[in-house]
Amino acid sequence: MALTYNKKYDNIAKIGNKEIKFKAWSTKNEKDYLIAVEAEEEINDSRLYDLLIKPCLEDEDIVLSLNEQKMLMIEIRKKSLGHTFAMRYVCKKCKQVNDLDIDFDKIIKFSPDNFHSVIVDDMTFNFGPIATDNLKRKLDDQETNVDYAFTEMILHIQSIELEGKLEDTFTFTELKDFMEELPSFIFDKVYKDFQEMKSKLDFELKTYCMVCNTENEIEFDHIPNFLWT
Ligand SMILES: [Zn+2]
């Protein structure tokens, strides 16, 4: 008898207008992650994606933005380790330590990507999601925040209308050189509009102290006890 456990992708995450079928983490996923944490200096977003998101997807080729990726990770976590996480905070008024189990859905503020065109002077920049996973991985190579922000923006440019002509076939390097030659007033306008189009993901919680009932507002940059370590 061949002993096989058939994977079932029977959960659906709705992220923006995407519906993504996934399975919960298996023991292998957990083990692979824990080994990576022990052996590797740093686990970047792409590595985390390969370890804990991609193996759970029915369609492994789907390309997600970083915030969509984080949202999906939360959905997988909810199905795998539960829909709450434990945290504690100190009340700002009476200094009581409060221990809570918090539902993920109570802290998530998410607005999905909203890409569109930007017209400056006689140029139109058409924005959309990053086309391939390979392109997205260019973000991992960026060493400064300036390079990251610049690269992130140009990866989302799908075509440019220039003097009445639509340019939609170019390499990453050609596009990079082109953008670097633009007058800065054009670049700045395009950059500013792009920032508005990007999805936003923040975590915040309003909660009341169990002793004095004072409202405490908590902002998270990361969620405590999210994974096994
Ligand atoms: Zn209090």
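**View 1. Helix α2 and its buried residues.** Here we look at helix α2, residues 45-53, where Tyr49, Leu52 and Ile53 are buried. These three residues span an arc of only 105° around the axis, and therefore they sit on the same side of α2. Among the elements that cover the buried residues of α2 are α1 (27-39) and α3 (66-81). Please keep in mind that this is a predicted model.

**View 2. An open sheet of three strands.** The strands follow the order β5-β10-β11, and their pairing is antiparallel. β5 (108-111) and β11 (215-220) are found at the edges; each has a single partner strand, so one side of each has no neighbour in the sheet. On average, neighbouring strands of this sheet are turned by 25° against each other, direction ignored.

**View 3. The pairing of β5 with β10.** Zooming in on one pair, we find β5 running antiparallel to β10 (residues 200-208), with four bridges joining the two. Which residue of β10 is the bridge partner of phenylalanine 110? That partner is leucine 201. As a friendly reminder, strands of a sheet pair through backbone hydrogen bonds, in either a parallel or an antiparallel manner.

**View 4. Where domain 1 meets domain 2.** The domain assignment of the protein chain places domain 1 at 11-81 and domain 2 at 114-197. Between the C-alpha centres of domain 1 and domain 2 there are 27 Å. Four residues from domain 1 and seven residues from domain 2 take part in the contact. On the side of domain 1 that touches domain 2, the residues comprise one nonpolar and three polar, with no charged residue.

Note on methods. Residues numbered from 1 in each chain as written. Predicted model: local features only at pLDDT ≥ 70, side-chain atom pairs only at ≥ 80, totals over all residues. Buried ≥ 20, exposed ≤ 12 C-beta atoms within 10 Å, placed from the backbone. Arc of directions from axis to C-beta. Contact = placed C-beta atoms within 7 Å. Pairing = 2+ DSSP bridges. Axes fitted to C-alpha atoms, helices over the stretch in contact; angles between N-to-C directions. Domains from an automatic or database assignment. Nonpolar A, V, L, I, M, F, W, Y, C, P; charged D, E, K, R; others polar.
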